[in-house]
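Q: I would like to learn how to read side-chain features in a model. Please take me through one, feature by feature.

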Amino acid sequence: MMPFLFVGVSLILGISRLFQKGEFKNGLWQCFFSGVVFLIIGVMFVLHPPKSPYKPYKNDIKNPKNMQFSMPLKILQESQKQLVEVSAPNVLIYDYLQPGSYKYDVFLNKIEDGKVYLKIYDANTNRILSEKEIKKASMMKVVNPNNELKEFSSDKNFSVQEGEWGDYYGSRIEVWFQPDDSGKPERKLMTKNYIIQGN
């Protein structure tokens, strides 16, 4: 985008010179060269488009080291979640609205004041996916003074940018805890493997 911006600015300046006394010829040349450069850059972008920072996924789900993967659950009509029995700390991922968009629930035993958030990794390459976006969107407050299992549900949805609709791949989802007490370090609470797709 930056090359086009510079050419656009040059073109505007060239046009403005057309209306300045004694600058018509120079302005005309500047407009001409700006147009030529614009065409050259345009052809280069068509022939050699910039590469996406995301790894392409081509419906080639792999199962490294025979890992076990779960499928995201469904959110049914009127926001009713698919029911499952949970008897231990767990993280449940739900498909939400469109492919590659998700919500989640986390079930925790006794835990101090703080926030939880998700980190998601490609199970094949171990590369973290949409790190900043997912951390921000999945962050939610938790506290459970009792040892009884308690459910916490995310209000916001998060999206995985890597891949496209229908390109399924294995992922490792980690739940991280950030204590309100800044003197305590963040810690990983649990890990679960899911089949996901990009948005």
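Q: Which residues form one aromatic cluster?
A: Rings of Phe, Tyr and Trp (its six-membered ring) pair if their centres lie within 6.5 Å; planes under 30 degrees apart count as stacked, over 60 as edge-to-face and the rest as tilted. Here Tyr102, Tyr104 and Phe158 make up one cluster. This is a predicted model: local features need pLDDT of at least 70, side-chain atom pairs count only at pLDDT 80 or more, and totals for chains, interfaces and linings use all residues. Residues are numbered from 1 along each chain as its sequence is written, and side-chain values use heavy atoms, with hydrogens and water left out.

Q: How many aromatic pairs does the structure hold?
A: There are 3 aromatic pairs. One of them joins Tyr102 and Phe158, with 5.9 Å centre to centre and 35° between the planes, a tilted pair. Helices (H or I, at least four residues) and strands (E, at least two) are DSSP runs, numbered from the N terminus. Tyr102 sits in strand β2 (residues 98–108) and Phe158 in strand β6 (residues 158–159), so the pair links distant parts of the chain, 56 residues apart.

Q: What is the geometry of the rings of Tyr104 and Phe158?
A: Their centres are 6.3 Å apart and their planes stand at 65°, so the pair is edge-to-face. Tyr104 belongs to strand β2 and Phe158 to strand β6, so this pair ties together parts 54 residues apart in sequence.

Q: Is Tyr104 buried or exposed?
A: Buried means under 20% relative accessible area, exposed over 50%, partly exposed in between (1.4 Å probe, protein chains only). Tyr104 is at 0% and counts as buried. Tyr102 is buried at 1%. Phe158 is buried at 2%.

Q: Where does the charged end of Lys103 sit?
A: A charge sits over a ring if NZ of Lys or CZ of Arg is within 6 Å of the ring centre and within 35 degrees of the ring normal. The charged end of Lys103 sits over the ring of Tyr96, 4.6 Å from its centre. Arg172 lies over the face of Tyr121, 4.3 Å from the ring centre.

Q: Which side chain of opposite charge is nearest to Lys103?
A: First, the terms. Lys and Arg count as positive and Asp and Glu as negative; His and the chain ends are not counted. A salt bridge is a side-chain nitrogen of Lys or Arg within 4 Å of a carboxyl oxygen of Asp or Glu. Lys103, in strand β2, is buried yet has no salt bridge. The nearest side chain of opposite charge is Asp155, 6.2 Å away.

Q: What lies 3.1 Å from a polar atom of the Lys103 side chain?
A: A polar contact is a pair of N or O atoms within 3.5 Å; within protein, one must be able to donate a hydrogen and the other to accept it, and residues adjacent in sequence count only if both atoms are side-chain atoms. For Lys103, the backbone oxygen of Asp155 lies at that 3.1 Å.

Q: Which residues does Lys103 touch?
A: Contact means heavy atoms within 4.5 Å. Not counting residues up to four places away in sequence, Lys103 touches several residues, including Ile75, Leu92, Tyr96, Asp155 and Phe158.

Q: How many salt bridges does the structure hold?
A: Side chains of opposite charge can pair when their charged atoms come close. The structure has 7 salt bridges. Among them is Arg187 with Glu112, the closest N and O atoms being 3.1 Å apart. Arg187 lies in strand β8 (residues 187–197) and Glu112 in strand β3 (residues 111–122), so the pair ties together parts 75 residues apart in sequence. Arg187 is partly exposed at 33%, and Glu112 is partly exposed at 28%.

Q: What distance separates the closest N and O atoms of Asp180 and Lys141?
A: In this salt bridge they are 2.3 Å apart. Asp180 lies in the loop between β7 (168–179) and β8, and Lys141 in strand β4 (residues 140–144), so parts 39 residues apart in sequence are tied together. Asp180 is partly exposed at 41%. Lys141 is partly exposed at 45%.

Q: Which residues are linked in a network of salt bridges?
A: Arg172, Glu174 and Lys188 are. Within it, Lys188 and Glu174 meet at 3.6 Å, N to O. Lys188 is in strand β8 and Glu174 in strand β7, 14 residues apart. Lys188 is partly exposed at 43%, whereas Glu174 is buried at 5%.
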